[in-house]
Amino acid sequence: MMARVLNAHSAIGKDLDSLADDISFGVAPSLIVFSLFKEMNYPEAMASMASYFPYLAFLLAVFSALRLAKFNNDTRQTSSFVGLPVPANALFWASLAAGGHSWLTSDSLYPICLLLLVGLFSWLLVSEIPMFSLKFKNLSWKDNKVSFVFLIACIPLLLFMGVCSFSVIIVWYILLSLVTKKSR
């Protein structure tokens, strides 16, 4: 932030910024998921793995670091993204844990389901899926149609779902990116 204000740019500054982003948006969600895995009830068939499963949450931090490294070196990502942005991933996990904590740690969700979500989002971070950006160069409908549709659909989600809406909004973002990727 200060580097932008002072207009001081350097190669190492970019890497340090990515390191800070990985801590904030990679390690933090990993710790959230780690604690969810620790709180979950494991079926007897998985009891021997219960002490190891929580550490699989750190795949999110590893893939976030890979995503940030790709972003720093990918010239295609100036006006849109390739793969799920790391802050969107963090928002998904924070919202899911805050809004669905009791369900996530109940007997109705198996640890393997949470692990599948960790695997899916780890893959989305480094995937080659084009994802739109909310950077507006102007306010014309023609140039920002996808962003406007996205934001308009987010309003009722925010109003009716509360904190959990952010995880649904991230899923909506991914789906809309998949549907519109050919038209951009």
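Below are my entries on aromatic pairs, a salt bridge and a surface patch.

**Ground rules.** I am working with a predicted model, where local features need pLDDT of at least 70, side-chain atom pairs count only at pLDDT 80 or more, and totals for chains, interfaces and linings use all residues. Numbering runs from 1 along each chain as its sequence is written, and side-chain values use heavy atoms, with hydrogens and water left out.

**Aromatic pairs.** I looked up ring pairs, taking Phe, Tyr and Trp (its six-membered ring) with centres within 6.5 Å; planes under 30 degrees apart are stacked, over 60 edge-to-face, the rest tilted. The count came to twelve aromatic pairs. I picked phenylalanine 132 and phenylalanine 150: their ring centres are 5.4 Å apart and their planes sit at 70°, so I logged the pair as edge-to-face. For locations I used DSSP runs numbered from the N terminus (helices are H or I, at least four residues; strands are E, at least two). Phenylalanine 132 is in the loop between β2 (130–131) and α6 (141–161), while phenylalanine 150 is in helix α6, so the pair ties together parts 18 residues apart in sequence.

Phenylalanine 132 comes out buried at 3%, and phenylalanine 150 is buried at 6%.

Phenylalanine 132 also makes an edge-to-face pair with tyrosine 173, at 4.7 Å centre to centre and 65° between the planes. This one links distant parts of the chain, since tyrosine 173 sits in helix α7 (residues 165–180), 41 residues apart from phenylalanine 132. Tyrosine 173 is buried, as is phenylalanine 132. I also noted one aromatic cluster made of Phe34, Tyr55 and Phe58.

**Salt bridge.** I searched for a side-chain nitrogen of Lys or Arg within 4 Å of a carboxyl oxygen of Asp or Glu. How many salt bridges did that give? The count is one salt bridge. Lysine 70 pairs with glutamate 128, with the closest N and O atoms 3.2 Å apart. Lysine 70 is in helix α3 (residues 59–73) and glutamate 128 in the loop between α5 (111–126) and β2, 58 residues apart. Lysine 70 is partly exposed at 27% relative accessible area, and glutamate 128 is partly exposed at 47%.

**Isoleucine 23.** Last, I checked isoleucine 23, which lies in helix α2 (residues 11–39). Isoleucine 23 is partly exposed, with a relative accessible area of 48%.

Technical notes
Buried means under 20% relative accessible area, exposed over 50%, partly exposed in between (1.4 Å probe, protein chains only).
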